[in-house]
Amino acid sequence: MLDKIISILPEIPLLCGMVHLCILYLLSNEKAKTYAATARFWLLVSVFLTTVCYYRGTDTISAAANSYTLLFILCANIALYIIMILSATWFSSLKRTGGRYYILLLLSSGSINMMLNTENFCVYGFCFAFLTVIGGALYGIHTSQQQINLKKYIITSALVLVILAIGLIYVGQIIGAENLTTEQMQLFLRAYSRKLSTILFVISSIVPLLYALGIFPFHIMAEEKACCSILPVSHYFMLFLPIVYWGCLIEINQTVYPVYGEIWKKIYQALALISVIWGAIGANTRKNLHGVYAYSSIYHFGIILFLISLGQERAIFAGFIYLLCYLLVMANLYAIFYNLKTHGQYISDIASLSGLAQTRSYTTGALMISLFSLIGVPPLIGFLGQMNMADELLGNANYIAVGIIFAALLILSKAYLDIMKVIYFAPKTKSFDSENKSILFYTSINTVAIMTFAFNPFNMIEKIKDMFYVIFL
Amino acid sequence: MSSYLLFLLIALPIFGAVIIMFSKYDRNYFRKNIYHVAIWTLLANISLVLYTFSLFDTEKSGIQLVEKYNWLNFPVIDILLGADTFSMLLLLGINIAFGVADICLSKHIENPKTLLASQLVFIGLLNGYILSADIISFYIFFAALSIPLIVLISSFGSFHKKNMLVRFSLYNLIGTLLLFTAVILMYHYKEGNIPLNTAGNLNLKGKLEYFVWLSLFFSFISRMPIWPFHYWIASISTGLYNPLAFVMSSLIPLVGLYGFMRFWPNTVPESIAVYAPLFETVCIITMLFIALISLNHKDFRYKLFAYTTVYYLLFLIGVFLPTSGLKMNIGYSIFSYLIILTVLSFIISHIEAEKKKNELYSNSGLLCYMPRTSISLSLFILAAIGLPITPLFWNNFIIISEIFNYNLLLGVLVMLSLLFVALALLEELYRMKDKSSVTLPCPVNTDLSRTRFVAYMICLAILFISFVKPLWFVM
């Protein structure tokens, strides 16, 4: 009994947080900062309990809890905390409370805890579906000026969930729903690896994750989620969810699908390289910053997928380091968005950045450093990811892949350079609103992190490696 | 103290840049404060360089004062810093040149914060590039130099040449990625980081050998103003009207030249060395081409750019000669070349500023009204083209002699290029001193300030003393 209580302890503060937010709503509290502060407080308590009560339970929900899952949960919740801080300014400026938004964020946090810690595929599938529904609810939050294609989101998500459900039902009927654990799945796949239906099941469980991550050809909603949703929701889709889904993808590949190693390797590598090329070319065709970042994420995620496909511990860890580096930069880029306003309207068009360098030197500096980091210029954090990537690919003699990735990087860099060109050379057409000091402070901290974390302060990478490598045991 | 000395030489300018970036804007004291920060940082750096020199045994060749820093355990990479006499000479020349530049910089430029902060970051990274003693740190600093340069070109580049920013950055990135790939391949071949002075002993075989050496070659050549890369460097340099920005962009080829000096002499495999004559041909054609254009060109700044191009290519040809004895000669030449280039850039900038202020449209006879400017410009142009009071003259003489020794035709063509570019500079000097062509009324208050004049004369004195006794500053 005590085991069960301890294993669900991290979720209790989240529940309390949701109740607290509902009470605030009922009391007609109008301040977005109050909602944000409440949500942040309960999230912090949850994170604290996750770390302290990190526990490998015997129940199906937390049986897979280990330092690997703890690492991803911590990273995801830190990202969520940052999103909550920054989104408060957005809601305040538009005189909205954001109550629904924060409740959904706390729900997401609870879902990812279960999704990562469980070893039962049914629970995993349920959490994935729940996160998709939360995503839809968040996507539905919009302003009167925005046009969102909620129908497209619902249709694509429903299709993906149906595919996942069919796969889980098929396997559940053979081995029983209560036996859909990692261990049982491994035995099942070894026994029936050649059967077409089993292969289709494996595809049905991977495709939803590839769709959620925006890997080609499942990138249908990648740009819409970034561009068409409100800034806090776009922030959520681009920063928080990728951490969770990559954690699941790596875990599933390592624990369940090694039997398909060689076949999956080729499929992953093909999808990865096409994503890299697609992302690089797509970024150049976009006039909207969100669109550029969305396609940029397709490029970078393609590289991470390629590293995971190599199947070796070092390569998979290199993929994780690349992911962390990328997300740190993306966090900064999104923080900069919150300070880009003109006449009270948030800017996302590249053309609207004209003259930014003349009046907003710190924001320009932070943006430039982030873009340089995405290109992989040392000594910024992006270089660390790029070096790990090149080290693994060249060490495994993947010369053609390296050539394609670097050629695509040149194409992608042109998109970033076009942004810099507008910032510096385009004549100023509008004035920018004054910057929020707290966001500027956060941006400065993040920019300093981008400039200094490549030096591996406090041997961070070795500590992360110790937590990550548990998955290979 | 010597344990962190080389690290300090890199960190100090960057620390100065951070102070400048975070300095608060104030109508009365802001500009003065950031200029003082920049100048004192550079003076401190020069003192550090001189102190480091005092710890050197200049009789010994090879890397001294090695510092090792553990960076990553996964993969295992330690960063090595080290210096020899050649690299210390380059460091001193760069820091003195920028010190003079900051003293002579106008206090009324636009955006001084960005300019001075970029300059200090650039100096710190360039110091790191010269002091790096292993292939990974060599690459890191090589690539990192792009950042302040792109910021500089974006902030001070000509609006009409904004597409040059994209081309400059992409060319830089191509060179960077080629070097990166070569370095990682070498790292894997040796299963660890490689000290720079042993990079040539790798004994690579087959396609790997070709790929690595060609990548290294093209990555360094992308920084040199040699065909077909000369166009973008010319566009960038001539589009930068700020003299400090011009000096910084003029140091881009030094990055490529230094890379060749570290990797190439006596280490290039025979299979690659057979292409050397082709490369020399391209070098000499570029030299002649640019020198001839400068004769016809009306813009003084373009003539200065042509001068820098011809001399960099002269040093490059010197690097490729099959002799190992020219390294120090090239070092001494570059030391004086950097100081001369900086002073000339600032004098030309002063002349252009006065022309604009007085609404003059021609340089003719202008120096007649600017005696201090006239003396400074004359002496430095003469020093630039080979006046025998500077180390540039004597060491270039040795380099050219070796070229003649190697190939007579090559030597003749090199001399022709030097002659054309000298004629271009002298022609401009003559036109500016020609009183008979003066038609406009005498402009007022156009001459160099006393401070600048004294600074230029001190530079000349340094050059003269260096000619008489090289390494006179080593205690």
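Mentor: We begin with contact, which means heavy atoms within 4.5 Å. Please bear in mind that this is a predicted model.

Trainee: What is the radius of gyration of chain B, and what would a compact globule have?

Mentor: The C-alpha trace of chain B spans about 70 × 55 × 50 Å along its principal axes. Of its 475 residues, 61% count as buried. A compact globule with 475 residues would have a radius of gyration near 23 Å, and the value for chain B agrees, because it is 22 Å.

Trainee: How many helices and strands has chain B?

Mentor: Helices and strands are counted here as DSSP runs. For chain B the count is 19 helices and 2 strands.

Trainee: How much area do chain B and chain A bury between them?

Mentor: The interface brings 37 residues of chain B into contact with 38 residues of chain A. Carbon and sulfur atoms carry 78% of the buried area. In total, the two chains bury about 3500 Å².

Trainee: Which element gives the most residues to the side of chain B that touches chain A?

Mentor: Strand E1 (64-73), helix H5 (135-144), helix H6 (146-156) and helix H7 (163-190) of chain B each supply at least two residues of that side. The element that gives the most, with 14 residues, is H7(B).

Trainee: How do the residues of that side of chain B divide into nonpolar, polar and charged?

Mentor: Across the interface of chain B and chain A, 5 residue pairs are in polar contact. The count of salt bridges between the two chains is 0. The residues of the side of chain B that touches chain A divide into 26 nonpolar, 9 polar and 2 charged.

Trainee: Where does Pro379(A) lie?

Mentor: The peptide bond from Pro378(A) to Pro379(A) is also cis, with omega near 0 degrees. Pro379(A) is placed in the loop between helix H16 (361-375) and helix H17 (381-395) of chain A.

Trainee: Is Ala397(A) buried, partly exposed or exposed?

Mentor: Ala397(A) sits in the loop between H17 and helix H18 (399-425) of chain A, and its phi is near 60 degrees, a positive value in a residue other than glycine. Buried means under 20% relative accessible area and exposed means over 50%. The relative accessible area of Ala397(A) is 44%, so the residue is partly exposed.

Trainee: Which backbone oxygen does the side chain of Thr50(A) reach?

Mentor: Thr50(A) lies in helix H3 (residues 32-52) of chain A and is buried, with a relative accessible area of 8%. Leaving aside neighbours within four places in sequence, Thr50(A) is in contact with Pro10(A), Leu70(A), Ile73(A) and Asn113(A). At 2.6 Å, the side chain of Thr50(A) reaches the backbone oxygen of Ser46(A).

Note on methods. Residues numbered from 1 in each chain as written. Chains lettered and ligands numbered in written order. Predicted model: local features only at pLDDT ≥ 70, side-chain atom pairs only at ≥ 80, totals over all residues. Heavy atoms only, no water. Buried area = accessible area lost by both parts, 1.4 Å probe. Salt bridge = Lys/Arg side-chain N within 4 Å of Asp/Glu carboxyl O. Polar contact = N/O pair within 3.5 Å; in protein donor to acceptor, adjacent residues only side chain to side chain. Helix = DSSP H or I, 4+ residues; strand = E, 2+ residues; numbered from the N terminus. Nonpolar A, V, L, I, M, F, W, Y, C, P; charged D, E, K, R; others polar. Rg over C-alpha atoms; globule rule 2.2 N^0.38 Å. Buried < 20%, exposed > 50% of the residue type's maximum accessible area, 1.4 Å probe, protein only.
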